[in-house]
Amino acid sequence: MSAILFATLAAPFASHAQDVTVLVQPGAKPNGPDVYPTIQNAIDHAPEPGANGRVTIRITPGTYHERLWIPRNRPNLTLVGLGKPEDTVITSDHFAKQSGGTFFTQTVEVLGDGFRAANLTFENSAGNVGQAVAVAVLADRAIFKHCRFLGYQDTLFANWGRQFYTDDYIEGAVDYVFGNATAVFSKTEFHTIAPGYITAQSRLSETEPTGYVIRDSHLTFAPGADGTAMTDSAAHKTAHGVFFGRPWRNYSRVIFINTNIDKGLEPAGWSDWNNGGILKTAFYAEQNSTGPGASPTTRTPDARKLTAADLKHFETREFLKGKDNWNPEAESAQLP
C-alpha cells in the first residue's frame with residue numbers, strides 16, 4: 001500500500017501527538033506496525049500510545065468472521081469502520097447450548113475502559129436458538145455511534161460501567177438489551193423481529209445508580225412481532241407480543257423519554273415475567289411517548305410517573321457524569 005493511500009485511509013481524527021492510528025486491511029502482513037490483516041491482530045499488536053493517548057483502529061469495509069476481545073489493559077481503544085455501518089460487519093454464530101452458556105457466545109467482548117466504536121455492524125448470526133450475544137460491554141465510559149447490533153436473543157449485554165449509545169440500530173426479539181450498566185441510548189432504533197422483550201435490566205438494589213435511559217429514540221416492529229405471525233398449525237395470537245421489558249432482577253430500572261413507538265407494543269408496556277409483585281420494586285417509566293404504540297392509559301399500574309427531578313436526573317449528562325464529570329455527548333462528537 002502506498003504511503004499516500006495509507007495516509008488517506010488511516011489519518012486520525014481529533015488526533016494528538018501521543019495517539020496511535022493503524023489500519024486493518026485483509027491480506028496485510030501480520031503484526032503491523034501500521035497495517036494489520038485482522039481486527040484482533042491490530043488490537044493485540046498496535047503500538048502503545050503515549051500517556052493518556054488513544055489507539056484508533058480504522059477498518060477497511062468487508063465482513064470479518066472474528067470474535068474480538070478488548071482486554072482491560074487495552075483502554076482508550078477506538079474501532080472505526082471506513083464507510084457506512086452496514087459496510088463493515090463483525091460476525092460470529094456462537095450460541096449458549098453450543099458454547100456452554102450465554103457468556104461464552106459474544107462476538108465482541110469489551111473490557112477496556114474508554115472504548116469507542118463508530119460505523120460498524122456487530123452481529124451474532126445464530127438466530128432463534130437461544131442466547132447468542134453480539135456484543136458484551138463491561139467497561140466504563142464506552143461509546144457506540146452509528147453502529148448496528150444484530151441478533152435474536154440477548155443481542156447486547158450492557159452490563160457494567162457507564163455507556164452511551166447514539167444514532168445506533170439494535171435488533172432482536174428476546175431480552176435483546178440486558179444487564180446492569182448505567183447506560184443511555186439516544187436517537188437509537190430498537191427493532192423487534194418477533195414476540196419478546198426489548199430490555200431485561202438487572203439492577204440489584206434501589207440504591208444502585210444503574211439502569212437504562214432510552215431517549216429520543218424509535219421502537220419499530222417486524223411483521224408478526226405483535227404475536228399474530230403464522231405457526232406450524234395456524235395463524236393465532238400468541239400469549240403476548242412485544243413489551244418494553246421484563247425485570248431480570250427485582251430493582252430493574254428502564255426509562256423511555258420522548259420515544260416514538262410504532263404499532264405492535266403490548267398495551268401494558270411491561271411484563272412481570274410471571275413473578276408476582278416484582279413490578280412494584282422495579283422502576284419502569286415512560287414520558288412523552290408518541291406514535292401509534294403510545295398508550296399511557298393502558299400501562300401497568302405499577303409503572304412510575306416521572307417528576308421534574310426525575311427528568312433532570314435522567315438527562316444524559318447528569319445520569320452518566322459520575323465522579324469524573326464525564327461528558328459522553330462531547331466525546332461522541334469526536335467520532336465520525
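Analyst: Rings of Phe, Tyr and Trp (its six-membered ring) pair if their centres lie within 6.5 Å, and planes under 30 degrees apart count as stacked, over 60 as edge-to-face and the rest as tilted. Ring pairs link F115, F122, F144, F149, Y165, F185, F190 and Y212 into a cluster. The model is a predicted one, in which local features need pLDDT of at least 70 and side-chain atom pairs count only at pLDDT 80 or more, while totals for chains, interfaces and linings use all residues. Residues are numbered from 1 along each chain as its sequence is written, and side-chain values use heavy atoms, with hydrogens and water left out.

User: How many aromatic pairs does the structure hold, and why is the pair of F157 and F178 called stacked?

Analyst: There are 20 aromatic pairs in the structure. For F157 and F178 the ring centres are 4.6 Å apart and the planes stand at 25°, so the pair is stacked, given the limits of 6.5 Å for the centres and 30 degrees for the planes. F157 belongs to strand β12 (residues 156-160) and F178 to strand β14 (residues 169-179), so the pair ties together parts that are 21 residues apart in sequence; strands here (E, at least two residues) and helices (H or I, at least four) are DSSP runs, numbered from the N terminus.

User: What makes F157 and F178 buried or exposed?

Analyst: Buried means under 20% relative accessible area, exposed over 50%, and partly exposed in between (1.4 Å probe, protein chains only). F157 has a relative accessible area of 7% and is therefore buried, and F178, with 4%, is buried. Another stacked pair is formed by Y197 and F243, with 5.7 Å centre to centre and 15° between the planes. Y197 lies in strand β16 (residues 189-201) and F243 in strand β19 (residues 242-245), so this pair ties together parts that are 46 residues apart in sequence.

User: How do you know that R116 forms a salt bridge with E331?

Analyst: A salt bridge is a side-chain nitrogen of Lys or Arg within 4 Å of a carboxyl oxygen of Asp or Glu, and the closest N and O atoms of R116 and E331 are 3.1 Å apart. The pair links distant parts of the chain, with R116 in strand β9 (residues 116-124) and E331 in helix α7 (residues 328-332), 215 residues apart. R116 has 9% relative accessibility and therefore counts as buried.

User: Which other salt bridges can be set against that limit?

Analyst: Among the twelve salt bridges found in the whole structure, E286 and R299 meet at 2.4 Å, N to O. E286 lies in strand β22 (residues 283-287) and R299 in the loop between β22 and α5 (308-313), so the pair ties together parts that are 13 residues apart in sequence. Both E286 and R299 are buried. K321 and E318 have their closest N and O atoms 3.4 Å apart and form a salt bridge; K321 has 30% relative accessibility and therefore counts as partly exposed, and E318, with 28%, is partly exposed.

User: What makes a set of residues a nonpolar core?

Analyst: A nonpolar core is a set of buried Ala, Val, Leu, Ile, Met, Phe, Trp, Tyr and Cys residues joined through side-chain atoms within 4.5 Å. The largest one has 58 residues, and those with the most contacts inside it are I57, F122, F144, L156 and F185. Strand β11 (residues 142-150) gives the most to this core, with four residues.
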